Amino acid sequence: MGNTILRMKEIEKGFNGNTVLDKVNFNVKAGEVHALMGGNGAGKSTLMKILTGVYQLDNGTIEIEDSKVNLENTRDAQQAGVSMIFQEFSLIPKLTVAQNIFLHREPRTSLGMIDDKKMVKDSQRIIDDMGLSISPKDLVENLSVGYWQMTEIAKALSINTKILIMDEPTSTLTKTETEVLFSLIHQLKQSGITIIYISHRMDEIFQVCDRITVLRNGTNVITTPCSEITMEELIDHIIGGNMVKSFEWVERPKKEDRKPLLEVKNLQSGSRVKNVSFSLHGGEILGLAGLMGSGRSETVRAIFGVDPVSGGEVNVRGERDSFSSPKEAIQKGVGLVPEDRRSQGLVLGHSVRENMILSSLDKLSKNKVLQNQQANKKVEELVKKLNVKTDSTQKTVSLLSGGNQQKVVLAKWLLNETEILLLDEPTSGVDIGAKIEIIEIIRELADAGKAVLVVSSEMTELLAMSDRVLIMKDGEVTSSIERKDIKGEEDVERAIQGEG
Amino acid sequence: MPSKVKGKLINFDWRQYIVYIAFVLVLIYFSITLAEQGFMTTHNLLNIARQTAMISIMGVAMTFVISSKEIDLSVGSVAALSAITTALTMQAGLGMISGVLVGLGTGLAIGFVNGYLVTRVAIPSFLVTLAMMMIARGLAMWVSGTAPIPILSDSYIFLFGSGSVLGVPILLIWTLIIAAIGHIILRKFTFGRETLATGGNEMAATYSGIKTNRIKMTVFMASGMMAGLAGMLYAGRLQAGRFTFGEGDELSVIAAVILGGTSLFGGVGTVIGTVIGSIMIGTINNALILQGLDVSQQMVVQGIIIILAVAFGRKKKKA
Ligand SMILES: Nc1ncnc2c1ncn2[C@@H]1O[C@H](COP(=O)(O)OP(=O)(O)OP(=O)(O)O)[C@@H](O)[C@H]1O
Ligand SMILES: [Mg+2]
């Protein structure tokens, strides 16, 4: 690990008079993997957007390789050797991998036409260097999410990147894909590329990073080598206080006698859901574990009436019901926190308030007239309860940080007081403090008699809250394990991967 | 502290209010430059209100259509067809009530077909309503045999054309009633939220339990019905049904809506803005006439206004 390659000094940035970054100092050494951590809305993405020329700083200086740089736009940043893999992908699905890698920089033939051959050849070289097994001619839309990300990285590497920024790269990846990513990070490091890594997943940080910087409320609270800090200390720095609650599983009293609220029998839907059966009782938290592509999201979508059901039964409170639309599901007290908050969960251009009340319009209205006071009260309550970081409930939701947007999606269903909750990756992008709060809220909901089904690829989280875990493989539920019979994450991993 | 104030000022989203500011400026400008031609007289102002009533009324419904991220190009032709069907019904001696019901029903039926084709057959609304624009105009010519159909009922002419109550022209009263209803539905009723959410992000709206197809169906039917009403007002004003009514109105209506601050990209809409937009376009046309310019020049000016409206109404760039 060499000299300091990047110096960001006394960086200040505000939006509409609200300070987001307050004299942040951030130094990165050449060839290291540097974790940038902090709670939702701490300013991580903002700092990195300044470094990539997306936002302009109000005050401060940036030096790359000891010379001061002025980053007015993304092109300036690229020329200075900085590239970013965004929280939201920026690929064009209908184009091939090679076309995406060379978008806007297509090599030309002497006649000025696009040189497809060279493009494919150069892309192949990069892909080979990365040790991937995709073809430059594959259409991006046909690749799995993991490979989208690989394509993004290939794109960054094709432009002589010195500093590569990854903003929550693993939030959409499976465990195996995550491992592929980590070995790639390792390899990039060997070849001298510096990486800034943003994530809310603690275990990952200690696995891949050399040093850590923690931002809190727009200031740098600590920069330290990974080896000199413990997980607990790190969490304390992030949330700025001692944490009482933790990721420990607590056994909750069981109420066996009641009839199940939700019963699914031999459910079939699309090509991914082949034979799913389970029952979910009031007061129960049921975890659904499986690999990506095993059909978990498709299962909850089918139950919720988004995807058409092609076979089997869904029974709600003992009555046979198959929902043909989410509206029917909601009327019967079923709610879904969808997998993708940006496309399925939020109307990004609308305010926090509008989004939170959207699935409860019927409940919040009298004779179809919206009761504004009642709505405002509920919204205020939830903003407080979930600790959503926003200047006002009127703020456009797309201007909130990623984790705070996720909280708004969750709030939609808390406001609705839904009895049967289907949660698909409910804490995606949420910081460690808020994760614990959300787990606590889910427990409270179950204690109050609600039924909760949770899909999560984060095993620690799944095991922290589930009373029972269903294992899903290739469109079928293969087993159901009581939480108290699970010793550790390995048990579940084995069941997920296992032959049986 | 000063930096905070500056931040607030820059943050003031003047685009949202641009139509009101522009409208006031336009009024002030013409009241000075056209003082001698009698621009600011009550007579002239009421005249503007009368002339713009149809565009405003169609604009109210179009605000919902555009807010839901759809478009309706058929409104002008539907107005003509409804004027004809109303006039024919009354000519056949079936009375005013039937005439009115047939006129509104014509608009409603066409709106239903538009909505059906958009939501069930999944044809983009641009294409559906472009075709419907031709079909409705063609039908209007066909059933009327291209001849004007006179309307003789005095009460119809009073209610839908030249009447006035306490000095307020009936056309202005219609405009105010429709605008008030539209505004309240958009702002106070769940239907308004659902329309905006559908236009803002259809998938998220569906996941939130909104039947987006039903919303779209409803807004197309409302648009058809308001076009029908506008056609009946044209007929009342000119005391006849003519197939030429409302030619080119679709563009004026869309211009008024966009000028008023409703987003062509869906999810943002304002009924009051639309009405102001419509009146402003009418005011400028009126002023051009007072200045002695003719229809050709009005068209040029109107085209420029549309471009300016869209340019200023564009989504705010990222900070
Ligand atoms: N364009 C903008 N306009 C107004 N406020 C903004 C804008 N961009 C970011 N913010 C605000 O700045 C703060 C920091 O946001 P940022 O996205 O940097 O957080 P983050 O640390 O990346 O959080 P997360 O972990 O949730 O992604 C947030 O409170 C956010 O609402
Ligand atoms: Mg972020």
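This section describes a helix packing, several salt bridges and selected local backbone features of the structure.

The model is predicted, so that local features require pLDDT of at least 70 and side-chain atom pairs count only at pLDDT 80 or more, whereas totals for chains, interfaces and linings use all residues. Residues are numbered from 1 along each chain as its sequence is written, chains are lettered from A and ligands numbered from 1 in the order of writing, and side-chain values use heavy atoms, with hydrogens and water left out.

In chain A, helix α5 (residues 145–157) and helix α6 (residues 175–190) have axes that come within 10 Å and cross at roughly 15 degrees. This angle makes α5(A) roughly parallel to α6(A); angles under 35 degrees count as roughly parallel, over 145 as roughly antiparallel, 65 to 115 as roughly perpendicular and the rest as oblique. Axes are lines fitted to C-alpha atoms, for helices over the stretch in contact, with angles from 0 to 180 degrees between N-to-C directions. Helices (H or I, at least four residues) and strands (E, at least two) are DSSP runs numbered from the N terminus. On the α5(A) side, the contact (heavy atoms within 4.5 Å) is made by Gly146(A), Met150(A), Ile153(A) and Leu157(A). Helix α6(A) contributes Glu177(A), Val180(A), Leu181(A), Leu184(A) and Leu188(A). These residues divide into 7 nonpolar, 1 polar and 1 charged, where Ala, Val, Leu, Ile, Met, Phe, Trp, Tyr, Cys and Pro count as nonpolar, Asp, Glu, Lys and Arg as charged, and the others, Gly among them, as polar.

Side chains of opposite charge can pair when their charged atoms come close. With a salt bridge defined as a side-chain nitrogen of Lys or Arg within 4 Å of a carboxyl oxygen of Asp or Glu, the count over all chains is 32. One of these joins Lys189(A) and Asp210(A), whose closest N and O atoms are 3.0 Å apart. The pair links distant parts of the chain, with Lys189(A) in helix α6 and Asp210(A) in the loop between α7 (202–208) and β9 (211–216), 21 residues apart. Lys189(A) is partly exposed at 22% relative accessibility, while Asp210(A) is buried at 17%; buried means under 20% relative accessible area, exposed over 50%, and partly exposed in between (1.4 Å probe, protein chains only).

A second salt bridge connects the side chains of Arg201(A) and Glu458(A) at 3.5 Å, N to O. Arg201(A) lies in the loop between β8 (194–198) and α7 and Glu458(A) in the loop between β20 (451–455) and α16 (459–465), so the pair ties together parts of chain A that are 257 residues apart in sequence. Both Arg201(A) and Glu458(A) are buried.

Lys332(A) and Asp321(A) also form a salt bridge, with closest N and O atoms 3.3 Å apart. Lys332(A) is partly exposed, with a relative accessible area of 32%, and Asp321(A) is buried, at 12%.

Asp167(A), in strand β7 (residues 163–167), is buried with a relative accessible area of 3%. Its C-alpha atom is separated by 5.7 Å from that of Phe86(A), 81 residues away along the chain. Positive phi values in residues other than glycine include those of Glu10(A), near 50 degrees, and Lys69(B), about 70 degrees. Glu10(A) lies in strand β1 (residues 4–15), and Lys69(B) in the loop between α3 (42–67) and α4 (75–91) of chain B.
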